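User: I would like to learn how to read a few features of a protein model. Please take them one at a time.

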Amino acid sequence: MNDCSSCIVRNRAICASLTVEELAVLGKMGRRQRVKAGHTLLWEGDDAPVVANVLEGVLKLVVAASEGREQIVGVVFASDFIGRPFGKESPYTVTAMTDAEVCIFNRNSFDEFANQHPDLQQKLLRRTLDELDRARHWMMLLGRKSATEKVASFLLEMSERITGQGCDTANAQKVFELPFGRQQIADILGLTIETTSRQLTQLRGAGVLGLPSRREIVIHDRAAMEAMAG
């Protein structure tokens, strides 16, 4: 049982539209679960008995590619929703990239609850459409862009997703810390770690960003990075 009223992502999660009374009902259905980095929560093609809100951490969405390789098709952060309501099979494998915590629900119970709350159904629909837009963006990022464009696009998206807010060119400098290392960035973008590191070094050399540490990023010139992202 969860106390949804104290949830750290309550105002951003899919259940944000619910009343206090409705949250109390939903809280009785859910439970918090810690997920260690590398642990798989759902497997592609298997029955998906649960859905979940991400409370902390970063998880990747993976589909099987040819020759047994995996293709990362998305990354989810705190307040994102994972799983397939009103469906049976998981369309992708969900694996934690960092230590994470999720609020997990039995899918059948969640589906029944959602059927009784039209506002939540609307949120689920908007989430599905957002996922479709994100998937299209991801396909372009991985398939049509150069290494420089991939890294620049990725860092721009991370600057918004990690900090939870956008950034315009009037406030060009933004500091954030990536929750994963360069090898994981390379895996996400379909690049080698050597190429990824080289691109980051070139962006730093051009004065577009700073790299105070292995994971900390400082965007000095967002407009220039947006131009590089294509």
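Predicted model: local features only at pLDDT ≥ 70, side-chain atom pairs only at ≥ 80, totals over all residues.

User: Which residues of helix α5 are buried?

Analyst: Buried means under 20% relative accessible area, exposed over 50%, and partly exposed in between (1.4 Å probe, protein chains only). In α5, residues 182-189, the buried ones are Arg 182, Ile 185, Ala 186, Ile 188 and Leu 189. They lie on the same side of α5 because their arc around the axis is only 160°; the arc is that of the directions from the helix axis to the C-beta atoms.

User: How many aromatic pairs does the structure hold?

Analyst: Rings of Phe, Tyr and Trp (its six-membered ring) pair if their centres lie within 6.5 Å; planes under 30 degrees apart count as stacked, over 60 as edge-to-face and the rest as tilted. The structure holds 3 such pairs. In one of them, the ring centres of Phe 81 and Phe 110 are 5.4 Å apart and the planes are at 35°, so the pair is tilted. Phe 81 belongs to strand β6 (residues 81-82) and Phe 110 to helix α2 (residues 107-115), so the pair ties together parts 29 residues apart in sequence. Phe 110 is buried, at 1% relative accessibility, and Phe 81 is buried at 5%.

User: Which residues form one aromatic cluster?

Analyst: The cluster is made of Phe 81, Phe 105 and Phe 110. Phe 105 and Phe 110 also form a tilted pair, with 5.6 Å centre to centre and 45° between the planes. Phe 105 is buried, with a relative accessible area of 3%.

How values were computed
Residues numbered from 1 in each chain as written. Heavy atoms only, no water. Helix = DSSP H or I, 4+ residues; strand = E, 2+ residues; numbered from the N terminus.
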